[in-house]
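Work through the exercises below with the sequence and the model open. Each task is followed by its solution.

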Amino acid sequence: MTAKPILWIVIPCYNEQEVLPITAPLFLQKVRDLAAAGLVSEKSRVCFVNDGSRDDTWRLICEFAKADEHFIGISQSRNRGHQAAVLAGLMEARENGVDVTISIDCDGQDDINAMDEMVRKYLAGAEVVYGVRSRRDTDTFFKRFTAEGFYHLMNLLGADIVFNHADYRLISSRVLDSFADYREVNIFLRGMVPLVGYPSDTVAYERHERLAGESHYPLSKMLALAFDGITSLSNKPIRLITGMGMLFSALSFIGVVWAFIGAMLGSTVAGWASTVCIVCLMGGIQLVCLGVIGEYIGKIYMETKARPRYIISERTWAPYERKYHG
């Protein structure tokens, strides 16, 4: 008889003291239900990743771990961002010989019941199962428009990402073993995981309102994540700049010829408006192009430093180890 897979539910947490007491019991019950249904092992765990929280998040995680062995937690030495926190949990699971992981946010917005179908598809042969939002009725028009536009733009620029998928996904140990070879510092998991390959599937679910607390992902962070994803996964923006430069160079050459002919015929009219418009337009385009190029150069700079992507300072199940990760 084939052994049941050990599952870790990896949950990044940053200042989540208000919502954790509500969602932690839900995650625990889900692990127990999956084990009772014979889908996963009794050794499965709920792994919280404290991303340098400034409130009582880590204290709550430690209390959960003391109350029930199914709860475990790791804490980063400081806040390093959502993507690094998810990666830390996934790599910690890999180092502990876990068969399969499911990453999910702790705010209760993602439907945890979709995990049942995720595990079933894993048992049927899928190495990666993506949680995909079936609809965005709870989003404002602006958020829905920008979010869907982001996915279309990413695919247009050559980044292979799953439409309407965030970071709710199942990943097998086989995929994690291969994913460990991806050592880039600039992390965008929803674009990096599909690069690994292996058989994959999707599970549709409805996203709900946050159960408690406030979102830690305002529009500014969402835009920053989107820009990081584009520049981390595709070099098409650089090519677009090159093409745009060639286009404006051609238009400028035509303009020079036109001005020269006009001067020769004596039909030129003195005016500053057209000159100012052209200077402002070209100056703005140049600044945007320099900004995009600078972003790529900055990423190269960070990659050459090869700093650790995360550092685990504490664990609920073991004393502190003087060891760097990531």
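pLDDT is the predictor's confidence in each residue, on a scale from 0 to 100. The model is predicted, so local features here need pLDDT of at least 70 and side-chain atom pairs pLDDT 80 or more, while totals for chains, interfaces and linings use all residues. Residues are numbered from 1 along each chain as its sequence is written, and side-chain values use heavy atoms, without hydrogens and water.

**Exercise 1. Confidence**

Find the mean pLDDT of the chain, and the contacts that the model has for residues 320-324 beyond four places in sequence.

Step 1. The chain has a mean pLDDT of 77, and 62% of its residues reach 70 or more.
Step 2. Over residues 320-324 pLDDT stays under 50.
Step 3. For this stretch the model has six contacts (heavy atoms within 4.5 Å) beyond four places in sequence.
Step 4. Where pLDDT is low, predicted coordinates should not be read in detail.

**Exercise 2. Salt bridges**

Step 1. Apply the rule: a side-chain nitrogen of Lys or Arg within 4 Å of a carboxyl oxygen of Asp or Glu.
Step 2. Asp-116 lies in helix H4 (residues 114-123) and Lys-30 in helix H1 (residues 20-36), 86 residues apart. Helices (H or I, at least four residues) and strands (E, at least two) are DSSP runs, numbered from the N terminus.
Step 3. Asp-116 and Lys-30 are both buried. Buried means under 20% relative accessible area, exposed over 50%, and partly exposed in between (1.4 Å probe, protein chains only).
Step 4. A network of salt bridges links Asp-56, Arg-59 and Glu-63.

**Exercise 3. Nonpolar cores**

Which residues have the most contacts inside the largest nonpolar core?

Step 1. A nonpolar core is a set of buried Ala, Val, Leu, Ile, Met, Phe, Trp, Tyr and Cys residues joined through side-chain atoms within 4.5 Å.
Step 2. The largest has 37 residues, and Ile-11 and Phe-48 have the most contacts inside it. H1 supplies the largest share, seven residues.
Step 3. Leaving out residues up to four places away in sequence, Ile-11 touches residues including Phe-27, Val-46 and Ile-104.
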